[in-house]
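Keep the structure open beside you as you read.

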There are 2 protein chains.
Amino acid sequence: MTGIPSTGRSVTPRSATEIRQYDLETDVVIVGYGCAGAAAAFEAATTGAEVVVLDRTSGPGGASAMSGGEIYLGGGTPIQRACGFEDSPEQMAAFLRSALGPGADAEKIARYCADSVEHYHWLVARGVPFKPSLWDAPAWVPPTDDGLMWLGESSRPFTEIAAPAPRGHRPTAHDFGGKLLMEVLVAAAETAGAMAHFDTTATNLLVAEDGTVVGVAARRYGREQTILARRGVVLTTGGFVDNDAMLAAHAPRLRGHTKVSAGTDDGSGIRMAQALGAAVRHMSAGQVGISLIPGFAARGMVVNDRGQRFVNEDTYPGRIGQAALFRQEMNVWVVLDEEGYEAVPEPQRWGVRPTHVAETADELGELMGLPPGALTATVSRYNEFASRGIDPDFHKAERWLRPLTAPLAAIDVKAGVRPPAESGDRRGTGASVFTLGGLHTTVDGEVLDLNGDPIPRLYAAGRAASGLHGEGYISGTSLGDGTFFGRLAGRAAART
Amino acid sequence: MTGIPSTGRSVTPRSATEIRQYDLETDVVIVGYGCAGAAAAFEAATTGAEVVVLDRTSGPGGASAMSGGEIYLGGGTPIQRACGFEDSPEQMAAFLRSALGPGADAEKIARYCADSVEHYHWLVARGVPFKPSLWDAPAWVPPTDDGLMWLGESSRPFTEIAAPAPRGHRPTAHDFGGKLLMEVLVAAAETAGAMAHFDTTATNLLVAEDGTVVGVAARRYGREQTILARRGVVLTTGGFVDNDAMLAAHAPRLRGHTKVSAGTDDGSGIRMAQALGAAVRHMSAGQVGISLIPGFAARGMVVNDRGQRFVNEDTYPGRIGQAALFRQEMNVWVVLDEEGYEAVPEPQRWGVRPTHVAETADELGELMGLPPGALTATVSRYNEFASRGIDPDFHKAERWLRPLTAPLAAIDVKAGVRPPAESGDRRGTGASVFTLGGLHTTVDGEVLDLNGDPIPRLYAAGRAASGLHGEGYISGTSLGDGTFFGRLAGRAAART
């Protein structure tokens with residue numbers, strides 16, 4: 001179509017009646033070998049079903065393997081208790097309903113929280129190690145191997161909504177633990193009997209005359225394959241951050257930023273199911289990581305291009321990221337003083353340095369291109385209250401409040417670097433994004449059509465589905481709901 | 001489904017092979033008799049095609065008839081020229097690409113702007129009256145019968161993007177002109193030969209074995225009807241603000257506010273087409289009217305719940321509305337002084353009165369529940385620069401800048417009233433919304449599937465389609481693109 005950007009290859013479902021012989025027959029086909037695919041494969045295979053996992057790349061892992069590895073767990077896990085924290089499924093659910101909204105899925109959250117301790121034990125039984133120690137400061141990824149971290153629970157507005165308890169559970173690893181997590185989950189799936197077919201790209205769903213999904217068509221080294229799934233197909237293909245036409249249609253604010261993906265999050269599973277009449281939810285939503293060092297932000301101020309603060313700087317940094325991209329068009333700076341800068345050890349700075357330094361707030365604001373006097377007014381107000389240990393504007397916790405003293409430095413977040421685990425050119429737009437929207441599913445992973453009815457034998461989990469999330473995000477909820485609802489989807493598909 | 005909100009009755013397409021005899025046969029079926037349906041009906045009938053327009057209510061009009069009647073036109077219309085303004089399709093397009101973004105449809109905008117003068121003459125030829133006089137202040141709807149109004153073109157940021165020219169064209173009527181517009185368009189369609197069937201609710205598309213749309217199933221007084229469309233079906237069913245499950249899935253921030261609709265914008269056309277594999281765009285986007293009197297805002301300040309300004313108050317008020325709802329959770333106030341209040345004649349105040357009055361900004365801020373000293377700081381800064389005729393923070397035009405003098409008043413926008421033309425309880429949440437997202441169409445109104453290919457003989461226009469808009473909005477672009485692309489869709493359907 002002239003002027004209409006292509007979303008990719010045809011995803012129109014194919015009629016199974018035209019297929020005389022399948023290249024492969026199995027019980028459950030899982031499309032995509034990230035965390036949701038691995039969890040689904042383990043559970044399906046454990047029931048005794050024959051399971052084949054397809055992945056278009058030459059090995060498992062997907063975006064999950066590139067992640068920090070945090071898993072959002074709570075309700076009183078052994079790690080929480082060992083660190084001295086009480087928690088309950090109800091408090092955890094209250095937090096998630098608020099933090100993942102508006103539009104968070106209350107039913108999925110209720111189930112996720114009720115079974116979170118069980119899910120913790122399942123992960124441990126698979127071999128995921130968690131260390132019972134707390135990293136007690138805002139961070140994207142702690143620089144230690146601490147197994148527990150805060151993800152906004154101890155900051156406003158959440159302290160007003162639920163009893164604070166840290167719920168970020170990290171596999172024992174320095175820095176990014178996603179690789180370890182995926183190694184463990186893939187080994188578990190393989191041991192349970194799941195077979196993997198790599199370099200195999202699912203292209204279309206195969207559908208019987210009555211609308212039941214009976215398999216997938218795929219391509220492997222240019223040759224088409226047809227695969228029969230006697231019991232069900234589970235789509236765990238990830239989100240669509242790598243599909244620019246889909247971003248343009250659904251989430252234009254996410255375009256042009258660094259993509260958090262393995263390069264294969266092209267929305268193919270979402271589109272294949274939509275072409276069969278599947279419904280989607282929250283396609284505009286996205287997680288926004290920004291090149292802001294949480295330790296700097298908490299000890300200073302985050303301001304927009306009018307020199308105004310707009311968020312409590314001690315909150316989960318992804319909340320600052322969403323506010324920066326969706327509300328401030330990424331025109332944001334961290335302003336801090338020498339004491340705040342030096343308080344963050346060099347390795348935790350990820351190479352981020354001040355972009356401007358000045359003797360006065362007025363001079364600094366001028367260097368930053370802010371309206372005259374704006375930064376001075378903001379710093380004066382901040383300091384006046386910080387000296388009394390309060391922040392009436394945004395309620396940053398007293399622990400982080402201290403008047404800033406000249407000289408002052410500003411860090412332009414747009415000019416910042418990306419986290420070290422992300423490859424390639426380390427200079428970006430200051431934002432690293434992935435999509436949260438996807439297929440409308442039941443708690444058990446059934447993909448629903450436009451009428452709200454399940455499409456027979458079609459399942460989805462992970463970022464191919466709309467999971468716990470509405471428009472908000474908290475680290476650990478992707479690996480968390482990917483593994484948790486991946487398990488449920490794998491079980492449901494196997495018992496069909 | 002337990003816990004899954006129903007989006008309504010089944011929209012699964014039905015196979016035409018099961019239909020032995022149709023209740024009605026025609027060339028073109030148009031579903032929904034708002035402005036897009038009327039424009040499509042006129043054009044299709046004018047080509048000589050037999051046209052039937054269905055509407056579920058007992059008469060034409062839809063949400064269009066309840067609107068202010070503004071149509072966004074430019075590029076040098078006779079009204080613009082009579083009022084002394086130069087304009088070009090290029091400047092108009094530059095404005096719309098910015099104002100309707102991110103994600104605005106550049107191809108549709110280019111065509112819309114290139115043919116805007118022609119569309120003006122088409123409207124006039126149908127009998128829509130426009131008076132060559134300008135209302136020269138920000139307004140939702142001018143209190144006069146002036147035919148031309150500014151819709152943000154003369155304010156930041158747009159003055160930096162395109163040469164300012166007013167493009168809001170209003171049918172000659174006091175206050176709301178949508179009723180007049182619809183009377184004219186419906187009369188034109190009827191005169192051209194289009195037949196209307198009221199109290200008839202389209203429920204499902206009828207589809208031939210090869211996927212071609214061949215008609216619709218409908219219900220009339222509880223009885224099912226099948227209607228054959230020899231040439232094409234045009235969906236002009238409106239948006240989905242009346243479908244709470246769809247809002248929850250796609251636009252959760254729009255939930256709970258006053259709905260700008262005739263009560264029938266339940267997304268049925270969007271869902272019917274999606275069930276056939278149609279793609280959608282920008283389903284999260286919405287227009288936000290707020291109970292803010294633009295004349296008050298321009299003469300005062302708009303502040304959030306930290307007492308900060310966040311927008312230039314002289315811009316198109318819908319921009320303030322989107323910022324208020326999407327960025328400030330509707331926690332917004334207008335702050336002004338007696339001179340500003342009195343400058344707006346009583347009838348233009350729509351009954352809006354100060355919610356708080358005080359002798360000092362400090363005291364007013366306290367009454368409003370703002371952080372201590374915040375409002376005083378904002379008023380001081382505003383006044384300091386206003387006395388010099390500048391607004392370095394938001395670049396409100398000099399015309400509206402004047403230091404505010406005590407006593408000061410605040411108007412809580414959340415407590416405000418709705419525009420007088422909206423019926424029922426006049427107290428709302430302060431916001432009146434409708435949806436902008438819909439079916440992915442070509443410029444000619446062809447509905448595209450997930451592959452980007454047209455679904456044979458299926459067309460859409462108006463708010464059932466994603467039109468010019470990405471996430472932004474300007475008044476007059478709904479009636480504007482509804483009538484304009486309705487015309488193109490009607491022509492395309494008739495010539496199929």
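B:Trp135 stands opposite B:Met149 in β6(B). Here strands are DSSP runs of E with at least two residues, helices are runs of H or I with at least four residues, and both are numbered from the N terminus. This is a predicted model, in which local features need pLDDT of at least 70, side-chain atom pairs count only at pLDDT 80 or more, and totals for chains, interfaces and linings use all residues. Residues are numbered from 1 along each chain as its sequence is written, while chains are lettered from A and ligands numbered from 1 in the order in which they are written.

β5(B) and β6(B) (residues 148–149) pair in the parallel sense over two bridges; pairing requires that DSSP find at least two bridges between two strands. They belong to an open, mixed sheet of four strands in chain B, ordered β4-β7-β6-β5. Its edge strands, β4 (71–72) and β5 (134–135) of chain B, each pair on one side only.

Now for the meeting of the chains: 43 residues of chain B are in contact with 43 residues of chain A (C-beta atoms, placed from the backbone, within 7 Å). These elements of chain B each give two or more residues to the side that touches chain A:

| Element | Residues |
|---|---|
| α7 of chain B | 244–250 |
| α8 of chain B | 268–274 |
| α13 of chain B | 374–386 |

Because 100% of the interface residues of chain B are also interface residues in chain A, the copies meet through the same surface.

Chain B can be laid on chain A with an RMSD of 0.0 Å by a turn of 180 degrees and a shift of 0.0 Å along the axis, with the copies superposed by least squares on C-alpha atoms of residues with pLDDT of at least 70 in both. The two copies are therefore related as by a two-fold rotation axis.

How values were computed. Contact = placed C-beta atoms within 7 Å.
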